[in-house]
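Please look at the sequence and the model before reading on. The dialogue below takes some features in turn and shows how each is to be read.

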Amino acid sequence: MTQSIERPTVAAQTFSALKCRECGETYDLGAKHVCEDVCFGPLEVAYDYDAIRQRVSRSTIQAGPLSIWRYKDFLPVSSDNPIDVGTGMTPLVRANRLARRLGLKELYIKNDAVNMPTLSFKDRVVSVALTRARELGFTTVSCASTGNLANSTAAIAAHAGLDCCVFIPSDLEAGKVLGTLVYGPTVMAVHGNYDQVNRLCSEVANTYGWGFVNINLRPYYSEGSKTLGFEVAEQLGWRLPDHIVAPLASGSLFTKIYKGFQEFTKVGLVDAKDVRFSGAQAEGCSPIAQAFKEGRDFVTPVKPNTIAKSIAIGNPADGIYALDIARKTNGNIESVTDAEVVDGMKLLAETEGIFTETAGGTTIAVLKKLAEAGKIDPDECTVAYITGNGLKTQEAVQGYIGEPLAIEPKLDSFERALERARTLDRLEWQQVLV
Ligand SMILES: *Cc1c(COP(=O)(O)O)cnc(C)c1O
Ligand SMILES: [Zn+2]
């Protein structure tokens, strides 16, 4: 018979309360997202960092699963068996060819275009939110989505056996709609933009006992984005970069990468460093970039009109916090036109072999704009966050890329086509020179 070993008892969880970002009021760890007793500010998860410090080291993390759950002690879940669909630990790619094009020396792409299971960074936040939803006893989960969140919520709910009803604006890309329906949830396509969808969902959340990942579960959901900070620090060899560029929709992801770097520093996993934070928006929905340019500390809502639908939030919940981070870290928030978004998608594909969606095109276009304006130092170790996959927004590049050459299954047909391809190439080349 094997001898049973007495294990020292450790606290079951490292998170202790929900806390108001504005006034500091604390709440119990339920499904709640606003400071309803005092100031209506947003609630955030508070942790016991001494407990985390005692429990976690580089080697305990390295011994963990190859997913976001290697950072479980920094996440607001208490179960030993979180929903694990392989989310996280996506590649950090050294992007030398893109760097050369932009005049930079040390550039990396954090590639969440290949995140699991639905090819966007949203799988991170949903894995955390649905694990917490299950702990809180929810059996039906929901979300207000710009597309990727609906994909993730539907897929991960299917895996976990939770009932699912998602809300999307009715004008989303075909790939995003199909990539939700296939998992068999109820899909409500709302005639209206994301901000109207979100308002409707707030009402539904108040009347139905459902767990909305980005409404009443938002404090837990948003913590999942910290793993994009943790992974980059670990993949760089336990150091922080000098500068990051990330897309802004509600602004949550941006603020949580910051929180992730801060936490790793606080518990001694990396040395402190002043990382510069730069944000990317599409001009047709750029309320945070406009506030940044005009030196305002408030965000004026706008009506979105851009092909970058996944980041088209006209009234961004975390806009003011993203502004604050960009300013205090000496970063920037820039916007680019839809034409530049498409060019950004093509540039990343042609230089690095990564096909991203419009949000990633926005990030690359802003990276280029900042580099050309001298707002990124060539010597800075820079990380650009690519958050979604190009196969989901094929409409965006249709008509802006080449076409296959149709040939007969004969050698001479191939040779004529090859000659034509060479001529086309040369003509294009001459046009560029003119
Ligand atoms: C949701 C989303 C973002 C940004 O989300 P935040 O609301 O700012 O956290 C960025 N890229 C893609 C592809 C997204 O789907
Ligand atoms: Zn408050």
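Reading the model

Q: Where is Pro 117 found?
A: Pro 117 is in the loop between strand S5 (106-111) and helix H4 (122-135). Helices (H or I, at least four residues) and strands (E, at least two) are DSSP runs, numbered from the N terminus. The model is predicted, and local features need pLDDT of at least 70, side-chain atom pairs count only at pLDDT 80 or more, and totals for chains, interfaces and linings use all residues. Residues are numbered from 1 along each chain as its sequence is written, chains are lettered from A and ligands numbered from 1 in the order in which they are written, and side-chain values use heavy atoms, with hydrogens and water left out.

Q: How should I read the backbone there, and what joins Met 116 and Pro 117?
A: Most residues other than glycine have a negative phi, and most peptide bonds are trans. Here a cis peptide bond, with omega about 0°, joins Met 116 and Pro 117. Leu 119 is placed in the loop between S5 and H4 as well. Although Leu 119 is not a glycine, its phi is positive, about 65°. With a relative accessible area of 27%, Leu 119 is partly exposed; buried means under 20%, exposed over 50%, and partly exposed in between (1.4 Å probe, protein chains only).

Q: Which residues coordinate the zinc ion (ligand 2)?
A: The zinc ion (ligand 2) is held by the SG atoms of Cys 20, Cys 23, Cys 35 and Cys 39, at 2.2 to 2.4 Å. Donors are N, O and S atoms within 2.8 Å of the metal (3.2 Å for Na, K and Ca); water is not among the atoms, so sites may look incomplete. Along the chain these donors follow the spacing C-x2-C-x11-C-x3-C. Cys 20, in strand S1 (residues 15-20), and Cys 39, in the loop between strand S2 (26-27) and strand S3 (43-47), link distant parts of the chain, 19 residues apart. Cys 20 is buried at 4% relative accessible area, whereas Cys 39 is partly exposed at 33%.

Q: Why is the arrangement around the zinc ion (ligand 2) tetrahedral?
A: Ideal angles for four tetrahedral donors are 109.5 degrees. The four donor atoms of the zinc ion (ligand 2) subtend angles of 98 to 118°, which makes the arrangement tetrahedral (all angles between 85 and 135 degrees).

Q: What is the order of the three strands in the open sheet?
A: The order is S2-S1-S3, and the pairing is antiparallel. S2 and S3 are the edge strands, each pairing on one side only. Two strands pair if DSSP finds at least two bridges between them. S1 and S2 are joined by two bridges, and Lys 19 stands opposite Thr 26 in S2.

Q: Which way do the side chains of strand S12 (residues 333-336) point?
A: In a regular strand the side chains alternate between the two faces of the sheet. In S12, Ile 333 and Ser 335 point one way, Glu 334 and Val 336 the other way, and all are buried. Four bridges join S12 to strand S11 (residues 276-282), and the two run parallel. Gln 281 has Ser 335 as its bridge partner in S12.

Q: How many aromatic pairs does the structure hold?
A: The structure holds 13 aromatic pairs. A pair of rings is described by the distance of the centres and the angle of the planes. Rings of Phe, Tyr and Trp (its six-membered ring) pair if their centres lie within 6.5 Å; planes under 30 degrees apart count as stacked, over 60 as edge-to-face and the rest as tilted. Phe 167 and Phe 212 form a tilted pair, 6.0 Å centre to centre and 35° between the planes. Phe 167 lies in strand S7 (residues 163-169) and Phe 212 in strand S9, so the pair ties together parts 45 residues apart in sequence. Both Phe 167 and Phe 212 are buried. The rings of Trp 238 and Phe 264 have centres 6.0 Å apart and planes at 25°, so this pair is stacked.

Q: Where does Trp 238 lie?
A: Trp 238 lies in the loop between H9 and S10. Trp 238 has a positive phi of about 60° although it is not a glycine, and it is buried at 10% relative accessible area. Tyr 71, Phe 74, Phe 230, Trp 238 and Phe 264 form one aromatic cluster.

How values were computed. Four donors count as tetrahedral if all angles lie between 85 and 135 degrees; four count as square planar and six as octahedral if opposite donors are over 155 degrees apart and all others between 65 and 115; anything else is irregular.
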